[in-house]
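Me: I have a structure to go through, and I would like to learn how to read it. Can you take me through the features one at a time?

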Number of protein chains: 2
Amino acid sequence: MGTGNVARHLFDVFSEHDHIQVVEVSGRNKESLDYFAKFTKTNSQNKFVENADIYILALSDDALFSVAGSLRNINGLLIHTSGAISIEVLPKNVGRGVFYPLQSFTKNRKVDFTQVPICIEAENKRDFELLHILGSIISNQVFEVNSSQRSALHLAAVFVNNFTNHMFHIGQQICGDTKLPFSILQALINETVHKIDSMSPFDAQTGPARRGDSHTISSHLDLLKNTDYKSIYLELTESIQKTYGEKL
Amino acid sequence: MGTGNVARHLFDVFSEHDHIQVVEVSGRNKESLDYFAKFTKTNSQNKFVENADIYILALSDDALFSVAGSLRNINGLLIHTSGAISIEVLPKNVGRGVFYPLQSFTKNRKVDFTQVPICIEAENKRDFELLHILGSIISNQVFEVNSSQRSALHLAAVFVNNFTNHMFHIGQQICGDTKLPFSILQALINETVHKIDSMSPFDAQTGPARRGDSHTISSHLDLLKNTDYKSIYLELTESIQKTYGEKL
């Protein structure tokens with residue numbers, strides 16, 4: 001159930017494997033169902049019609065809250081794919097589980113699922129093993145992650161993905177303001193990420209905040225005209241300095 | 001002049017090319033000079049003894065300020081390698097220039113210089129061309145960047161490198177607190193960077209701040225016990241929401 005980004009990407013990768021059969025896709029948005037209708041049964045009643053071993057709710061968090069409570073007569077394992085939501089959102093009278101692919105999915109951008117960590121949770125051994133088999137068919141990285149760990153993981157993902165991407169956005173704005181192409185920062189961005197393959201982010205840190213270079217920090221604050229970016233600069237500089245025991 | 005990270009990396013890459021000859025390395029730290037002494041002349045008097053076409057000050061910003069003013073009788077082009085410092089720090093009575101390799105250098109970690117943007121500045125055409133030749137021998141990316149652009153670029157580099165790395169550090173702390181390996185975030189981090197090869201960071205943004213998901217934002221704030229990380233979360237969430245015209 002669901003026709004969004006996660007539903008599409010899971011459908012695509014499931015379809016590549018003979019051991020997995022998607023018997024039906026359900027979703028309220030008829031247009032979005034077209035994508036799936038070429039390959040499998042679809043229904044726009046937002047319910048499970050066909051019988052299956054696993055019933056997957058690949059929905060937005062809001063839709064998940066509103067749909068999950070109303071599901072009845074599920075004869076199999078019912079799972080959701082959300083990083084932020086507990087297994088407890090699912091009705092108590094069914095086999096319940098979670099299958100959270102930890103990745104940032106973008107429409108029309110193919111993902112190599114073998115590298116995507118699949119975080120699974122279930123309430124009994126049989127269901128857990130079933131999810132483990134499903135996860136292992138599409139990915140080389142299957143992790144047992146309970147609901148409390150999964151919320152923390154989702155939060156960590158916001159820092160390393162959403163917030164990092166915002167740093168890139170700010171970098172691009174600063175380059176644009178001074179008529180330089182953003183591509184000039186590409187090698188540095190790549191190195192920032194490759195470095196942590198061989199050392200911890202703690203050890204990899206460099207720059208004015210880390211070395212307590214107050215002269216450069218003041219010049220940077222003078223340069224920053226955007227007050228939001230200035231607050232971010234100050235906040236992150238202070239946090240880095242605390243991390244390394246320095247004070248502003 | 002200088003024996004730190006930038007001096008070493010430049011020395012290593014210059015030594016690989018027959019068209020460049022390093023005739024002397026000077027630095028106050030005798031131990032650090034050992035690294036260079038096997039391959040070229042060295043002196044610990046912190047001055048240029050040999051004649052050369054280009055005299056390079058590969059010094060920390062503080063050392064650059066204290067040394068630059070005292071240099072006399074330079075018969076050639078005098079340059080520094082700092083991102084944050086203006087060309088004006090160099091004495092007026094010599095040919096002056098800047099040769100700033102835009103990369104985060106780490107001791108004992110080899111860098112592919114062909115991909116490192118070399119940002120050059122000079123005050124006359126002849127000096128500029130000399131620096132352009134030097135840059136082009138070691139890198140495929142040589143940019144003309146004046147002192148004012150270079151400060152902005154250095155500031156942008158703090159956002160995309162130092163601050164991004166701090167996001168990784170916070171992600172690692174959150175994983176550690178919930179007993180998950182940081183490696184579980186690796187695929188997401190890689191995708192965060194690869195995505196901006198094909199779209200702008202503005203278009204690549206996803207997550208609760210971007211879609212105005214206040215339910216997830218409050219859960220995340222509840223989860224965050226570290227007050228510094230909480231302020232950072234709030235600050236960055238607000239900035240993302242402003243970027244996309246949403247309000248908290």
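Me: How much area do chain A and chain B bury between them?
Reply: The size of an interface is often given as the accessible area lost when the parts come together. In this predicted model, chain A and chain B bury about 8200 Å² between them. Carbon and sulfur atoms carry 67% of that area. On the side of chain A, A:Arg109, A:Phe159 and A:Val160 lose the most area to chain B. Together those three make up 8% of what that side buries.

Me: How many residues of each chain are in contact?
Reply: 87 residues of chain A contact 87 residues of chain B. The polar side comes next: 26 residue pairs are in polar contact between chain A and chain B, both residues at pLDDT 80 or more. Then place the contacts on the fold. The elements of chain A that give two or more residues to this side are α3 (61-68), α5 (147-177), α6 (186-198), α7 (201-204), α8 (214-223) and α9. α5(A) gives the most, with 26 residues. By class, this side of chain A has 43 nonpolar, 33 polar and 11 charged residues.

Me: How many salt bridges does a search of the whole structure find?
Reply: Over all chains, 22. Four salt bridges are found across the interface of chain A and chain B. Take B:Lys242 and A:Asp228, whose side chains meet in a salt bridge at 3.1 Å, N to O. B:Lys242 lies in α10 (residues 227-243) of chain B and A:Asp228 in α9 (residues 227-243) of chain A, so this pair joins two chains. B:Lys242 is exposed, with a relative accessible area of 55%. A:Asp228 is partly exposed, at 22%.

Me: Which residue does B:Arg126 form a salt bridge with?
Reply: B:Asp127, with the closest N and O atoms 3.4 Å apart. Read the accessibility of each partner separately. B:Arg126 is exposed at 62% relative accessibility. B:Asp127 is buried at 6%. Chain B also has a salt bridge between the side chains of B:Lys41 and B:Glu50, at 3.1 Å, N to O. There, B:Glu50 is partly exposed, at 27%. Salt bridges can also link up: A:Glu88, A:Lys92, A:Arg96 and A:Glu123 form a network of them.

Me: Is B:Ser104 buried or exposed?
Reply: Compare its relative accessibility with the cut-off: buried means under 20%. B:Ser104 has 7%, so B:Ser104 counts as buried. Its place is in the loop between β5 and β6 (118-122) of chain B. Next, list the neighbours. Leaving out residues up to four places away in sequence, B:Ser104 touches A:Leu188, A:Glu191, A:Lys195, A:Thr206 and B:Asn161. With A:Lys195 there is a polar contact, side chain to side chain, at 2.7 Å.

Me: Which residues of helix α1 (residues 5-15) of chain B are buried?
Reply: B:Ala7, B:Arg8, B:His9, B:Leu10, B:Phe11, B:Val13 and B:Phe14. Then ask what they pack against. In chain B, the buried residues of α1(B) pack against β1 (24-26), α2 (30-37), β3 (54-57), β5 (95-101) and α4 (125-138).

Methods:
Residues numbered from 1 in each chain as written. Chains lettered and ligands numbered in written order. Predicted model: local features only at pLDDT ≥ 70, side-chain atom pairs only at ≥ 80, totals over all residues. Heavy atoms only, no water. Buried < 20%, exposed > 50% of the residue type's maximum accessible area, 1.4 Å probe, protein only. Helix = DSSP H or I, 4+ residues; strand = E, 2+ residues; numbered from the N terminus. Contact = heavy atoms within 4.5 Å. Polar contact = N/O pair within 3.5 Å; in protein donor to acceptor, adjacent residues only side chain to side chain. Buried area = accessible area lost by both parts, 1.4 Å probe. Nonpolar A, V, L, I, M, F, W, Y, C, P; charged D, E, K, R; others polar.
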